[in-house]
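Subject: Structure handover

Hi,

Here is the structure you asked about. Please have it open while you read the notes below.

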Amino acid sequence: MHPTPPPPKFSRNHEIESSPRSATSERPAFGRLPKLNFADFDGSNPKLWISRTENYFDMYSVPSEMWIRVAGHYCKGPAARWLQSVERHVATMEWKDFCSLLLDRFGRDEHDILIRQLLHIRQTTTVSEYITQFAELIDQLAAYESPIDTRYYTMKFIDGLRPEIRSIVLLQRPKDLDTACLLASLQEEVTDPTRL
């Protein structure tokens with residue numbers, strides 16, 4: 001039987017101080033980790049917050065039965081008010097059930113908003129700025145969706161380009177999103193002499 005590590009100590013600036021791992025620990029020893037701040041949650045980007053929280057708990061060997069209680073201390077604003085409204089139910093939940101409940105409250109709307117943004121995204125400035133906006137959007141969507149055929153994103157990207165760039169890129173039949181981005185950038189450079 002493995003000895004139970006002592007509970008983590010909490011410092012005033014959102015850090016959990018952990019004790020060193022024993023040699024008999026089943027997890028790999030990471031050595032002495034730098035102190036990292038625990039991420040606050042205000043209701044935005046719930047998938048990212050859950051992922052960072054789980055990584056944090058794993059790195060500092062926080063016992064899983066404490067995860068919900070610890071995470072609850074870092075809920076702010078709308079997330080804190082929501083947590084207060086469901087606190088009785090949360091007390092007996094497992095972490096995965098808590099995450100499902102949290103995603104039902106904060107993730108569903110965000111996912112819908114991201115899908116709508118993808119449906120309506122258009123190039124309004126430079127190709128470079130459009131590429132940045134498009135990449136941020138699909139990176140956020142990737143947290144909610146199972147892998148999507150990359151041709152879908154490639155075609156959606158092309159559809160959002162300005163007509164004079166879209167037609168040339170479409171004729172090149174790019175095999176992936178990276179190629180479509182490169183072709184769009186090159187076409188913009190060729191058609192805009194002020195950029196040379």
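K175 is exposed, because its relative accessibility is 66%. (Exposed means over 50% relative accessible area, buried under 20%, and partly exposed in between, with a 1.4 Å probe and protein chains only.) K175 forms a salt bridge with D176, with the closest N and O atoms 3.7 Å apart. A salt bridge here is a side-chain nitrogen of Lys or Arg within 4 Å of a carboxyl oxygen of Asp or Glu. D176 has 23% relative accessibility, so D176 counts as partly exposed.

A word on the source. This is a predicted model, in which local features need pLDDT of at least 70 and side-chain atom pairs count only at pLDDT 80 or more, while totals for chains, interfaces and linings use all residues. Residues are numbered from 1 along each chain as its sequence is written, and side-chain values use heavy atoms, with hydrogens and water left out.

**Salt bridges**

The structure holds 3 salt bridges. Side chains of opposite charge can pair when their charged atoms come close. One of the bridges joins the side chains of R151 and D149, at 2.5 Å from N to O. R151 counts as exposed because its relative accessibility is 57%. D149 is at 39%, so D149 counts as partly exposed.

Another bridge joins the side chains of K96 and D97, at 3.5 Å from N to O. K96 has a relative accessible area of 60%, so K96 is exposed. D97 has 34%, so D97 is partly exposed.

**The chain as a whole**

The protein chain has 8 helices and 2 strands. Helices (H or I, at least four residues) and strands (E, at least two) are DSSP runs, numbered from the N terminus. From the N terminus on, the order is β-β-α-α-α-α-α-α-α-α. Buried residues make up 32% of the 196 residues.

Contact means heavy atoms within 4.5 Å. Of the contacts with a separation of 6 or more, 57% are between residues 24 or more positions apart. The accessible surface of the chain comes to about 12,900 Å², and 54% of that belongs to carbon and sulfur atoms. Accessible areas come from the Shrake-Rupley method with a 1.4 Å probe; for residues, only the protein chains shown count as cover.

**Helix α3**

Helix α3 covers residues 77-90, which is 14 residues. The expected span is 1.5 Å times one less than the number of residues.

Where does α3 bend? The bend is at Q84, by about 45°. (The bend at a residue is the angle between axes fitted to the seven residues ending there and the seven starting there.)

The buried residues of α3 are A79, W82, L83, V86 and V90. What covers them includes α2 (67-72) and α4 (95-120).

**Helix α4**

L103 lies in α4. L103 is partly exposed, because its relative accessible area is 22%. L103 and P46 are 57 residues apart in sequence, yet 6.5 Å apart in space, C-alpha to C-alpha. Leaving aside neighbours within four places in sequence, L103 is in contact with P46, K47, I50 and R108.

G107 is also in α4. G107 has a relative accessible area of 3%, so G107 is buried. G107 and N45 are 62 residues apart in sequence and 7.5 Å apart in space, C-alpha to C-alpha. Not counting residues up to four places away in sequence, G107 touches P46, L102 and Y144.

With neighbours within four places in sequence left aside, H111 is in contact with L141, Y144 and E145.

L119 has a relative accessible area of 42%, so L119 is partly exposed.

**A nonpolar patch**

L119 also belongs to a nonpolar surface patch with I115, I148 and Y152. Together they have about 310 Å² of accessible area. Patches are made of residues with over 30% relative accessible area and no salt bridge; like charges are joined within 9 Å, and nonpolar side chains (Val, Leu, Ile, Met, Phe, Trp, Tyr) within 5 Å.

Best wishes
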